[in-house]
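Please look over the model shown here with its ligand site in mind.

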Amino acid sequence: MEMRAKDALVVVDVQSDFLPGGAIAVRGGRQIVPRLNAVIEAFAKDSRAVFFTRDWHPPDHVSFEGNGGMWPRHCVRDTPGAEFDSELRIPETATVISKGTEPRLEAYSAFSGTGLEKVLSDSGVARVILGGLATEYCVKETAVDALRFGFAVVVLKDCVMGVEHERGDSERALEEIISRGGRLITSVDFLSETAS
Ligand code: VGL
Ligand code: ZN
């Protein structure tokens, strides 16, 4: 199918600091890793593009408490908290995208200051398939930007998890993505829909 060749998988911020035991622990976050791995495997198997984003902050980042931000220190570049989860399968052909690298700029979206829009459009990608952490921050902002740039967006609903500062934050974020034209599907349904 034409559409399928133009899919790119973007796995958002599956890093130690966003998982249980980390600085901004997303409860249940580990559940998404094996599901993501199945999708990553399927993409890698037939050479579809896979991107892994990582929050990659300088030690004095503006998003940290004490620097005017709302978050505890997290995902400081080259520290254990910024590492991808050890269970996450990262194919050799995948592209890693670091964001939030500027001391004074918050960057929830994978498109924020990374050049990702050009990389995707130059390679003819029409549809972005999304999973990762956290639903109502980096996943949502990435989805909204992708839609704004004209990509179709599919969120793998069992492959995302939220911080839930307020109960319902994740649900509201997913509703907003839908209202802007994104689509939600389970990873199992996505895999059967796009099976070769
Ligand atoms: C994120 C909070 C702070 C995220 C990043 O990846 O969703 N959340 N920085
Ligand atoms: Zn951050």
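**The cavity and its ligand**

By class, eight nonpolar, three polar and two charged residues make up the lining of the largest cavity, where Ala, Val, Leu, Ile, Met, Phe, Trp, Tyr, Cys and Pro count as nonpolar, Asp, Glu, Lys and Arg as charged, and the others, Gly among them, as polar. This is a predicted model, in which local features need pLDDT of at least 70 and side-chain atom pairs count only at pLDDT 80 or more, while totals for chains, interfaces and linings use all residues. Residues are numbered from 1 along each chain as its sequence is written, chains are lettered from A and ligands numbered from 1 in the order in which they are written, and side-chain values use heavy atoms, with hydrogens and water left out.

Cavity
- The largest cavity has a volume of about 100 Å³, taken as the space filled by probe spheres set on grid points that are joined across faces, edges and corners.
- Of the 13 residues that line this largest cavity, Phe18, Trp71, Tyr108, Tyr137 and Cys138 are the closest to its centre; a cavity is a set of points, on a 1 Å grid over the protein atoms alone, where a 1.4 Å probe fits but cannot get out, and lining residues have an atom within 4 Å of a point.
- The space taken by ligand 1 is this largest cavity, a molecule being placed in a cavity if more than half of its atoms lie within 2 Å of its grid points.

Ligand contacts
- An oxygen atom of ligand 1 lies 2.6 Å from an N or O atom in the side chain of aspartate 13, a polar contact being a pair of N or O atoms within 3.5 Å.
- A nitrogen atom of ligand 1 is 3.1 Å from an N or O atom in the histidine 74 side chain, and an oxygen atom of the ligand is 3.0 Å from a polar backbone atom of cysteine 138.

Backbone
- Aspartate 13 has a positive phi of about 50° although it is not a glycine.
- The peptide bond from leucine 133 to alanine 134 is cis, with omega near -15°.

Notes. A polar contact is a pair of N or O atoms within 3.5 Å; within protein, one must be able to donate a hydrogen and the other to accept it, and residues adjacent in sequence count only if both atoms are side-chain atoms. On a 1 Å grid over the protein atoms alone, a cavity is a set of points where a 1.4 Å probe fits but cannot get out, and a pocket is an open set with protein on both sides within 12 Å along at least five of seven lines; lining residues have an atom within 4 Å of a point.
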